[in-house]
Every structure is written in structure tokens, then in C-alpha cells.
Amino acid sequence: MFKQILSTIFFLSIVTSGSSQVEEVNPPDYIKTITFKSSSNPQGQLPILRLGEAFDLEFDALVEDEPDFYYKIEHYDYDWTKSQLVKLEYLDGFDNFRIVDYRNSLNAFQLYSHYKLSIPNRQTRALTKTGNYLMSIYNEYDELVFSRKFMIYSPQLGVGVSIKRKRDVKFIDEKQTVDIVVNSGNLVLNNPNETVKVLIIQNNNLYTAIKNVRPQYTIGRELIYRYVDKTAFWGSNEFRFFETKEVRAANVAIQFTDLLDIYQTYLFVDAPRKGQPYTFNPDINGNFLITAIDAQDVNIEADYTMVHFKLQYPKMTDGSRIFVYGNYNNYALAPENELFFNSEKGLYETAFKLKQGFYNYKYVVVDPDGYLDEGKISGDYWQTENDYKVLVYYRDLGARFDSLIGYGQATSVNISN
């Protein structure tokens with residue numbers, strides 16, 4: 001569970017210019033299954049790429065025609081404000097070209113086209129600087145369709161990450177603390193309290209990341225982060241999951257299926273897990289994997305199903321809202337994935353289209369003040385197996401942008417006191 005103030009950009013993120021922080025714009029209903037894939041990230045999770053590494057942005061357009069899409073790439077600093085670099089300084093070649101690699105679906109009830117943008121390509125030969133980037137996709141009318149953040153790093157220093165139980169006894173059973181040791185090696189870090197910045201990400205969710213944490217102290221060439229509170233996350237619980245690789249029959253966590261205009265997948269009714277004893281349930285930490293039986297190419301042969309979610313939970317009368325999310329929708333809180341209370345059935349429910357595959361998901365609550373509570377329904381447990389990533393940024397004296405020079409990761413599977 002992670003609490004933070006979420007503004008009205010839940011439903012519409014707006015990209016602004018100048019010194020404002022950029023937010024990802026979530027796609028309309030007809031754009032699905034957005035992934036960044038590379039040799040180091042074959043499943044399309046949070047895109048943290050090495051400098052010079054090739055990658056693909058892929059997505060589906062669930063329409064009968066074949067719309068044209070164009071892409072633009074922009075460079076940002078640590079805090080996601082526009083960097084001072086002009087495009088020629090970080091991009092070898094040009095962007096704002098049409099995505100020409102697309103194929104139509106095959107043997108699927110839901111018609112769609114699968115788009116693939118590969119970087120490098122003939123127009124965009126390379127991204128030459130480390131740091132934060134935003135990939136924006138536009139339609140033929142130059143209207144923004146969606147955008148996604150990605151990061152490019154160069155491993156110039158060592159980043160050691162270990163996961164501990166919360167040192168505060170009050171939350172020792174509910175929270176996990178991330179300890180970090182940054183070893184600069186032969187690299188001289190000038191005034192690291194001001195020039196070095198870290199970002200700590202739990203389960204590939206940028207919205208709940210911890211930022212702006214300074215080194216607690218320095219020993220030789222090592223920057224030490226061993227805080228009691230500043231690097232602690234709520235443990236939450238293992239993600240729930242289901243699998244739709246076989247759409248004609250019930251599979252993992254599926255009660256039954258039906259065929260109308262497209263396949264309908266009805267999950268078993270979920271119940272709250274807060275207050276229940278912790279039970280280990282292997283998951284993939286909020287991610288998803290596209291898979292389908294008897295499909296040689298899941299990119300165009302996997303079908304879409306309407307997945308029906310149902311949650312047995314008392315009706316909330318204080319204005320709080322319940323959402324279901326995961327990496328499959330970039331942890332977005334949007335009208336599509338909000339659950340509404342069905343008075344006749346006495347439960348919360350929603351339904352939306354997802355491509356065949358294996359999915360992790362979680363129910364979260366947003367209260368009237370905009371606070372996100374991931375543990376309100378799932379509970380928080382120190383034993384939960386979570387994935388953590390740490391990014392280290394550095395702006396040397398006189399530099400014009402924040403470079404990303406360190407990347408470390410760990411899981412809490414071996415959590416210790």
C-alpha cells in the first residue's frame with residue numbers, strides 16, 4: 001500500500017511545457033496492450049534500457065481500419081521537467097515519422113491491427129544521452145493518442161540494493177525498507193548531496209515511486225541510504241491473477257466463459273484479504289504476459305476477451321472509489337477500470353477488454369481526498385514478495401541535464417531484519 005495525493009489527472013493526464021512535470025497520457029479505449037520490449041526486457045515491463053540497446057514499442061488498435069500513427073521522442077531531467085538539450089543533442093536522426101510496421105489480426109473475433117515501432121530505425125538511428133525519455137504517439141491529425149515514459153542508463157557506478165523489514169516497530173509487520181549503497185568506483189561525484197538523486201520503484205509502478213532521497217552519509221566512495229522512514233514502502237500483498245490463454249474454456253481463476261460478439265471471461269468473485277493471514281501466492285509482481293494456445297504469433301493471433309471483475313466488498317458511502325489495475329494498463333486510474341457497486345448483486349464490478357494472456361491485478365481504493373491506498377482491500381504484509389528497482393541520476397557541476405549512471409534491483413524474497 002502506498003499513500004499519496006493523486007490529483008484530478010487520474011482521468012486525463014496533460015502534457016505541459018516549460019518547467020512543469022510531464023505526465024503520461026493514457027490511451028483511449030481502442031488502444032490496448034502497450035509494451036516496450038528489448039533483449040533485457042523481453043516481456044515489456046517498465047522500460048529501463050541500457051544506452052545503445054535496441055527496443056520496440058508495440059500496441060494494438062482495436063478498429064477495423066488501419067489508422068496512421070506518428071511518434072515523437074523528448075528528453076527529460078530527473079524530475080520529469082523538460083531538459084535543456086535540443087533534439088539534435090540526444091537523437092541521432094529524426095523523429096515525427098509514421099509507424100509503418102503493422103499487421104492485421106488473424107482468426108480473432110476482435111478485429112485489430114498490431115503496431116510495432118523499432119528503435120533504432122532508418123530515421124531514428126540512436127538515442128545518444130542517458131536519462132528520462134517520453135515517447136508520444138500521435139494520429140494523422142497530430143492529436144496526441146498516448147505517451148509512455150522510458151529510461152536509458154549507462155552503468156558507470158555500482159548500486160547495491162537490499163530489502164529489510166521496517167525498523168519502526170509500529171509498522172514492522174506491514175512495511176519493507178529499501179537499503180541502498182552506491183559505489184562510485186573511479187568516478188568522482190562532486191557534492192553528491194546535491195548532484196546525486198535516486199529513484200526507488202516498487203513493482204514497476206512509477207506512480208508510487210520514492211524520490212528526492214539524499215544520501216544518509218558517505219563512507220569513502222560509497223553513498224549510504226539506510227533510512228528508517230524515507231525509503232520504506234507498504235508491503236501490500238501478492239497480486240491476484242488469471243489466465244485466458246484458452247478462451248473457449250475456464251482456466252486459472254476463471255469461473256466460466258461465454259461467446260457473444262467476442263468472448264466474455266467471468267472471473268470468480270474476489271474477496272478482501274486485509275486482516276487475513278498472509279498466504280504466499282506466486283505472482284509476477286503486477287506484470288502480464290501475452291499467451292494463447294495454438295497461436296504461432298500471439299501478436300496477431302491472440303484474441304481479445306471482455307474480462308468481468310467482481311469484488312465482494314461493502315458499499316462505501318464516503319465518496320471513496322475502487323479501481324483494478326496492474327502493469328497491463330500502466331497502473332492507470334481511469335473510468336474504464338473503476339468498479340461500481342451493483343445493489344442487486346451486492347458487490348462491485350466492472351468489465352473491459354484484455355488480450356489473451358496471464359495477468360496480475362490488484363484492487364486499490366482512492367478516498368475523497370485523493371489518497372491512494374493499495375492495502376485497503378489487499379492488506380499489507382512484510383512477507384510479500386515485491387520487486388524493487390533503484391535508478392541513480394547525476395548532474396555534474398555545470399552540466400545541462402541529469403544523466404542516469406546507475407541501476408540496481410532486488411526482490412524481497414530474501415528479506416531480512
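**The whole chain**

Keep in mind as you look around that this is a predicted model. The chain has 4 helices and 30 strands. Its radius of gyration is 22 Å, close to the 22 Å that the globule rule gives for 417 residues, so the chain is as compact as a globular protein of that length. Taken along the principal axes, the C-alpha atoms fill a box of roughly 65 × 55 × 40 Å. Buried residues account for 54% of the 417 residues. If you take the contacts between residues at least 6 apart in sequence, 73% of them join residues at least 24 apart.

Let us start with a sheet of 5 strands, which is open, has mixed pairing and runs in the order 2-11-10-4-6. Strand 2 (48–50) and strand 6 (97–98) are its edges; each has a single partner strand, so one side of each is left without a neighbour in the sheet. Inside this order, strand 10 lies next to strand 11, and the two pair in the antiparallel sense over 8 bridges. One handy landmark here is Y138, whose bridge partner in strand 11 is L144.

A further open sheet has 4 strands in the order 1-3-8-7, with antiparallel pairing. Which strands stand at its edges? They are strand 1 (31–38) and strand 7 (102–104), and since each has a single partner strand, one side of each is left without a neighbour in the sheet. From one strand to the next, the twist averages 15°. Strand 7 pairs with strand 8 over 3 bridges, and N104 can be found opposite S113 in strand 8.

**Strand 24 and its partners**

Strand 24 pairs in the antiparallel sense with strand 27 over 5 bridges and with strand 25 over 2 bridges. R321 has V366 as its bridge partner in strand 27, while F323 stands opposite E338 in strand 25.

The antiparallel pairs described so far are gathered here:

| Strand pair | Residues given | Bridges |
|---|---|---|
| Strand 10 and strand 11 | 131–139 and 144–153 | 8 bridges |
| Strand 7 and strand 8 | strand 8: 113–119 | 3 bridges |
| Strand 24 and strand 27 | strand 27: 357–366 | 5 bridges |
| Strand 24 and strand 25 | strand 25: 338–342 | 2 bridges |

**The largest nonpolar core**

In soluble globular proteins, nonpolar side chains tend to be buried together. In this chain, the largest nonpolar core has 27 residues, and F59, F69, I73, M135, I137 and F150 touch the most other members. Strand 1, strand 3 (55–61), strand 4 (69–76), strand 8, strand 10 and strand 11 each supply at least two residues of this core.

Leaving aside residues up to four places away in sequence, I73 touches K87, Y90, L91, D95, I119, T124, L127, Y133, L134, M135 and F150. Of these contacts, M135 and F150 are also among the core residues that touch the most other members.

**A loop residue, T81**

T81 lies in the loop between strand 4 and helix 1 (87–90). Is T81 buried or exposed? Its relative accessible area is 12%, and the cut-off for buried is under 20%, so T81 counts as buried. The side chain of T81 also makes a polar contact with the side chain of D79, at 2.7 Å.

How values were computed. Residues are numbered from 1 along each chain as its sequence is written. This is a predicted model: local features need pLDDT of at least 70, side-chain atom pairs count only at pLDDT 80 or more; totals for chains, interfaces and linings use all residues. Side-chain values use heavy atoms; hydrogens and water are left out. Two strands pair if DSSP finds at least two bridges between them. Axes are lines fitted to C-alpha atoms, for helices over the stretch in contact, and angles run from 0 to 180 degrees between N-to-C directions. A nonpolar core is a set of buried Ala, Val, Leu, Ile, Met, Phe, Trp, Tyr and Cys residues joined through side-chain atoms within 4.5 Å. Buried means under 20% relative accessible area, exposed over 50%, partly exposed in between (1.4 Å probe, protein chains only). Contact means heavy atoms within 4.5 Å. A polar contact is a pair of N or O atoms within 3.5 Å; within protein, one must be able to donate a hydrogen and the other to accept it, and residues adjacent in sequence count only if both atoms are side-chain atoms. The radius of gyration is taken over C-alpha atoms; the globule rule is 2.2 Å times the number of residues to the power 0.38.
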